[in-house]
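Have the model open while you read.

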Amino acid sequence: MNSEKCMSLAAAISRFVTPGAHLSLGGFTLNRNPMAAVYEIIRQRIGNLHVYAHSNGQGVDELIGAGCVKAVEIAYGGTGRFAPTCIRFRKAIEEGRILFEDYSNYQMTLRFMAGAMGVPFLPTTSSLGTDIIYKWGLSPEVRQQDSRLPLDKLVVLDNPFKRQPEEPEKVVLVPAINPDVTIIHVQQASPRGTVRMAGLTFADVEQAKAARHLIVTCEELVEEDELRRQPGQNQIPFFYADAVVAQPFGAYPTACYGYYDYDPEYLQQYGQDARDDGRYAAYLEKNIYAVRDHQQFCELIGSERFARIKAASPQGYAVGLERG
Amino acid sequence: MDYTYREMMAIAAAREIRDNEIVFCGTGISMLAAMAAKHISAPNSVIFFETGAIDSLLEEIPMAVADPRVMYGTSFNGGLADAFATMQNRFTGPQVVGILGAAQIDPYGNLNSTAIGDYHQPKVRFSGSGGACDVASFVGRTIIFMQQVKGRFVKKLDYFTSPGYLEGGRSRELAGLRPGGPAAVITDKGIFRFDEETKRMYLAGFYQGVKIDDIMATMDFAVESDRALSVPAASATELCVLREICDPQGLIR
């Protein structure tokens, strides 16, 4: 069973990410996005994806840019100072090329958590009185056509348990997400799929557990026994994982805490290329379509760049990295 | 004047933060303000990110709330679920001061960070709520950063992303939201606050060298300015903290 989970990235993607799949990506803006997997999806030209993200920046933007995405449910599309709003995401929405729907970050997190818990919804008090409740991105017709989507965006109810005056009057119910597949990139995983992340976990745990299938790409493949020596450091038990892929620099050009920083040079260049359709097509051709796999992509970038972003210990990032 | 209005904004926001407060901040100038506050007025304040990082060491300024720089030397590295639950928590939430930014604000401090124009076919699309709607819904008070330019202070938001005082008066509570709402709006020209009763925005302060008329010229709605006072200039100490300790590379300033 162990050996069945270890596979090449190309095999994991073609097996679990099918056209039209509902896909959730781990990571947050410019950190631990499963970029090797994203590039492989683009390379295999898998289309019509319905993507769920809370604040996944670079990964979602590149998938949208490459035309793989039909719809995106999202809380935030940006990569901090490199792109306060993700550029291809913004363009696609302004030009009416994708379906999209907005939630808050906590709502998306709760939606994954509900999916992970096996309940149809979870309540929060966030967003009362705002357009997040009143303006739907996905129309009732679109929802009707795909049985994986809830028929309502959000539902507001009177709090049935209210007794004390300080308890909330109303609650907002957010529907569960159960993606067909979630992909996360982590620091360490065992061949069986036990996962150990370092630094912030974002909503990766909830996203991983909500999905029918989970692909884990990792910087380092570590023996199961070794991870079990400090089980308190592990976040996801092995039986959630369907595929485990050893993929050094699998989050590049985003960061992987303790291993490498984000690459400011790449992200800045991307930002410029992404603004122009012609240049963006050339970007895709050169960096993704023309390379065989992520290793060859890394060779194209060159070892000098990787040396520059190598994380220092104990900081976990590249101290003094030129980021201007 | 030997400093920029952007520096003045960061300093004005830092002055709002009280000692021992839990400061929620996002990417950019809010991070700079929170860092500065720790060195100026609130040494025991705790910087808190929606990504789950609590009390980060911040030896270098992060470029985003998911920057690996926010993960170092923390008290706790959690996830989004923990972070937002802390803000929604009835006991810890009211201790949090949130710093937010937006593309548009209305007279009651409601914010738009989603889109300009029609939501489905927008003229300009922005990043979206992120955690802003959650923070604005949950925490004890918020501080808002705005650019003082035409089109930003509007009668009606194109998209209502994050709640302030809704329609003023008691409408925030009546909608079912927690008590809270914006304490101050800090712009590159001055500071607005909200009337105790009506919850409508009024001009509370203007920076050195700024004329009240210049501020009014950018507003699409009327604001009262009788209470406006001149904001003390940035001091040498404040500028030194900002330039030499918080952001020596000048990434945010």
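B:Gly190 sits opposite B:Phe206 in strand β13 of chain B (residues 201-206). That's in a predicted model, where local features need pLDDT of at least 70, side-chain atom pairs count only at pLDDT 80 or more, and totals for chains, interfaces and linings use all residues. Residues are numbered from 1 along each chain as its sequence is written, chains are lettered from A and ligands numbered from 1 in the order written, and side-chain values use heavy atoms, with hydrogens and water left out.

**The strands**

Strand β12(B) and β13(B) run antiparallel, joined by 5 bridges; strands pair here if DSSP finds at least two bridges between them. Helices (H or I, at least four residues) and strands (E, at least two) are DSSP runs, numbered from the N terminus. The two form a hairpin with 6 residues between them, and B:Lys199 in that turn has a positive phi of about 65°. β12(B) also pairs antiparallel with β11(B) (residues 182-186), through 2 bridges, and this hairpin has 3 residues between its strands. There, B:Val185 stands opposite B:Phe192. β12(B) (residues 190-194) is mostly covered, with 4 of its 5 residues buried (under 20% relative accessible area; exposed is over 50%, partly exposed in between, with a 1.4 Å probe and protein chains only).

**The core**

B:Met201 touches both B:Val185 and B:Phe192, among other residues beyond four places in sequence (contact means heavy atoms within 4.5 Å). B:Met201 is also one of the residues with the most contacts inside the largest nonpolar core, which has 179 residues. Such a core is a set of buried Ala, Val, Leu, Ile, Met, Phe, Trp, Tyr and Cys residues joined through side-chain atoms within 4.5 Å.

**Salt bridges**

Over all chains there are 35 salt bridges, meaning a side-chain nitrogen of Lys or Arg within 4 Å of a carboxyl oxygen of Asp or Glu. Here are some of them:

| Pair | N to O distance |
|---|---|
| A:Lys91 and A:Asp277 | 3.6 Å |
| A:Asp293 and A:Arg292 | 3.7 Å |
| B:Glu7 and B:Arg243 | 2.8 Å |

The B:Glu7 and B:Arg243 pair links helix α1 (residues 5-16) to helix α7 (residues 236-246) of chain B, with the partners 236 residues apart. B:Glu7 is buried at 4% relative accessibility, while B:Arg243 is partly exposed at 29%. Over in chain A, A:Lys91 is buried at 18% and A:Asp277 partly exposed at 43%.
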